[in-house]
Amino acid sequence: MESMLRGKTALVTGASSGIGRSVAQRLARAGAAVCLSGRSAERLAAVREELRPAGECVYAAACDLNREDDVRRLGATVAALWPRLDFLVHAAGTIALAPLEATPLDALDEHYRVNVRAPLLLTQLLLDRVRAAQGQIAFINSSLGVRIKERAGAYAASKHALRAIAETLRAELGPDGVRVITVFPGNTATPMQREVCRALDQPYVPERMLQPDDVTAALVNPLTLPPG
């Protein structure tokens with residue numbers, strides 16, 4: 001089935017680590033042309049170098065999703081690369097933990113900008129490319145997009161909002177042949193989860209968690225299904 005990925009084009013946010021990196025690796029090694037995006041240009045360059053043997057069509061574009069100018073610049077970069085975009089994968093995110101009564105509104109605003117506003121803006125900027133390819137938009141959400149947890153109220157609120165955006169896009173874009181996919185992973189062995197465990201003063205035991213490649217498998221399978 002992954003032969004269906006060969007020659008496709010993809011933008012993956014959060015591609016410098018964790019689930020985003022795993023998704024980018026899987027797509028590139030299957031023969032897709034991939035643009036890697038993340039905050040750290042240095043880490044993106046390392047991922048790009050790692051994937052270089054998979055093919056020449058691996059690009060890197062540093063972007064801080066907390067900054068609208070960066071998001072718009074990323075959209076313009078991808079639009080200049082390809083007239084058609086087969087896969088737009090939103091894997092980046094941010095999390096900060098605190099009781100909701102003590103959560104600074106600035107922290108809530110940052111969750112909104114990174115986890116909600118940036119994915120929507122990037123989708124708007126690239127939607128003509130996705131439509132042209134009758135492509136797919138994929139959101140790596142979270143189990144907290146369907147439930148809540150103490151000290152993660154701001155994060156859960158942003159992920160619930162992201163779920164609403166994805167489901168609305170699915171309803172609106174289906175007639176255009178654009179498929180929208182959401183994955184809701186639980187605790188996954190990523191650098192973000194390591195920081196969450198540290199903040200909660202809990203042990204980080206990655207072998208007891210989902211692995212990034214597990215989440216990637218759950219995402220790539222529907223990406224390779226026929227349109228019907």
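Val47 is buried, with a relative accessible area of 1%. The structure is a predicted model, and Val47 lies in its helix α2.

**Val47 and its surroundings**

- Apart from neighbours within four places in sequence, Val47 is in contact with Ala15, Ser16, Arg21 and Leu36.
- Val47 and Ser17 are 30 residues apart in sequence, and their C-alpha atoms are 8.5 Å apart in space.

**Helices α1 and α2**

- Two packed helices are described by the angle between their axes and by the distance between those axes.
- For α1 (residues 18–29) and α2 (residues 41–51), the angle is about 30 degrees and the axes are 10 Å apart.
- Angles under 35 degrees count as roughly parallel, so α1 and α2 are roughly parallel to each other.
- The crossing of this pair, α1 and α2, is right-handed.
- On the α1 side the contact is made by Arg21, Ala24, Gln25, Ala28 and Arg29, and on the α2 side by Val47, Glu50 and Leu51.
- By class, the residues of the contact of α1 with α2 are four nonpolar, one polar and three charged.

**Helices α4 and α5**

- The axes of α4 and α5 are 8 Å apart, and the helices pack at an angle of about 20 degrees.
- α4 and α5 are therefore roughly parallel to each other.
- Their crossing, that of α4 and α5, is right-handed.
- Residues of α4 that make the contact include Leu108, Val116, Leu120 and Arg131, and those of α5 include Tyr155, Lys159, Leu162 and Leu173.
- The contact of α4 with α5 divides into 12 nonpolar, four polar and two charged residues.

**Nonpolar cores**

- In soluble globular proteins, nonpolar side chains tend to be buried together.
- The largest nonpolar core here has 29 residues, and Leu11, Val78, Leu85, Leu88 and Ile137 have the most contacts inside it.
- At least two residues of this core come from each of β2 (33–38), α3 (68–81), α4 (105–133), β5 (136–140) and α5 (153–173).
- Helix α4 gives the largest share of this core, eight residues.
- Not counting residues up to four places away in sequence, Leu11 touches Cys35, Ser37, Leu74, Val78, Leu85, Phe87, Leu88, Val89, Leu122 and Leu126.
- A second, separate core has 28 residues, among them Val12, Leu51, Val89 and Leu223.
- Leu51 of this second core is also one of the α2 residues in the contact with α1.

Key
Residues numbered from 1 in each chain as written. Predicted model: local features only at pLDDT ≥ 70, side-chain atom pairs only at ≥ 80, totals over all residues. Heavy atoms only, no water. Core = buried A, V, L, I, M, F, W, Y, C linked by side-chain atoms within 4.5 Å. Buried < 20%, exposed > 50% of the residue type's maximum accessible area, 1.4 Å probe, protein only. Helix = DSSP H or I, 4+ residues; strand = E, 2+ residues; numbered from the N terminus. Contact = heavy atoms within 4.5 Å. Axes fitted to C-alpha atoms, helices over the stretch in contact; angles between N-to-C directions. Parallel < 35°, antiparallel > 145°, perpendicular 65-115°, else oblique. Left-handed = near helix turned anticlockwise from the far one by under 90°. Nonpolar A, V, L, I, M, F, W, Y, C, P; charged D, E, K, R; others polar.
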